[in-house]
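Subject: Structure for you to look at, with notes

Dear colleague,

Here is the structure that I promised to hand over, with the sequence beside it. Please keep it open while you read the notes that follow.

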Amino acid sequence: MGAERRRAIVRRVLADAAGVQHSPRGPAWWVLEDGRDLPTVAGVPERSTFDWAELHQAMAAIPTGRWTTYGELAALVGTAAQPLGQHIQHCPACPNAQRVLGADGKPRPGFSWGDPKETRGQQEMLEAEGVGFSSGAADPSRHLDTAAMAALVEQE
């Protein structure tokens, strides 16, 4: 059963059983009569926002003419590739965003810059830095894996 079908079932059960007309947003949404939510009852520590400082440092360390992937950076800083990519897309403080590509070495179709004035594409910028492309993918010999990224960050 797909995720959307499960959400539809949950919405239906909530509507029929409790008259609730919106989708649950996870454990913190469920509040007991005394005001405690389920994570509090279970003793789960409060969630905090992810600290992206290590990502910014790693991105700043990517040298001109080299590239890495969202997944490599995510492994380095301890998160998943998707939220990391979303952060980069909306973060004006993320340096060298053009040097972060998909696992296939290709620019992501939905990529956009934190700076709306920037109109160049990732491939265009990387080619200007000396990275060659073949069939839309960046030269694999210019790729930095997680270990290489970690070494670069340590040198900073």
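Among contacts in the protein chain between residues at least 6 apart in sequence, what percentage join residues at least 24 apart? The share is 60%, where contact means heavy atoms within 4.5 Å.

Before the details, a word on where the values come from. This is a predicted model, in which local features need pLDDT of at least 70 and side-chain atom pairs count only at pLDDT 80 or more, while totals for chains, interfaces and linings use all residues. Residues are numbered from 1 along each chain as its sequence is written, and side-chain values use heavy atoms, with hydrogens and water left out.

**Overall layout**

The protein chain has 7 helices and 4 strands, and read along the sequence they follow the pattern α-α-α-β-α-α-β-α-β-β-α. These elements are DSSP runs numbered from the N terminus, with helices (H or I) of at least four residues and strands (E) of at least two. Of the 156 residues, 31% count as buried; buried means under 20% relative accessible area, exposed means over 50%, and partly exposed lies in between (1.4 Å probe, protein chains only).

Helix 3 covers residues 53-61, and its buried residues are Leu55, Ala58, Met59 and Ala61. Seen down the helix axis, these buried residues fall within an arc of 155°, so they line one face of helix 3; the arc is that of the directions from the helix axis to the C-beta atoms. What covers them includes helix 4 (70-77), helix 5 (81-90), strand 2 (100-101) and helix 7 (146-155).

**Salt bridges**

A search of the whole structure finds 2 salt bridges, each being a side-chain nitrogen of Lys or Arg within 4 Å of a carboxyl oxygen of Asp or Glu. In one of them Glu129 pairs with Arg99, with the closest N and O atoms 2.9 Å apart. This pair links distant parts of the chain, 30 residues apart, since Glu129 sits in the loop between helix 6 (122-128) and strand 3 (133-134) and Arg99 in the loop between helix 5 and strand 2. Both Glu129 and Arg99 are buried.

The side chains of Asp104 and Arg108 also meet in a salt bridge (3.0 Å, N to O). Asp104 counts as partly exposed because its relative accessibility is 41%, and Arg108 is partly exposed as well, with a relative accessible area of 32%.

**Two residues with positive phi**

Most residues other than glycine have a negative phi. Asn96, although not a glycine, has a positive phi of about 60°; Asn96 lies in the loop between helix 5 and strand 2 and, at 19% relative accessibility, counts as buried. Ser135 likewise has a positive phi, near 55°, and its place is in the loop between strand 3 and strand 4 (137-138). Ser135 is exposed, with a relative accessible area of 70%.
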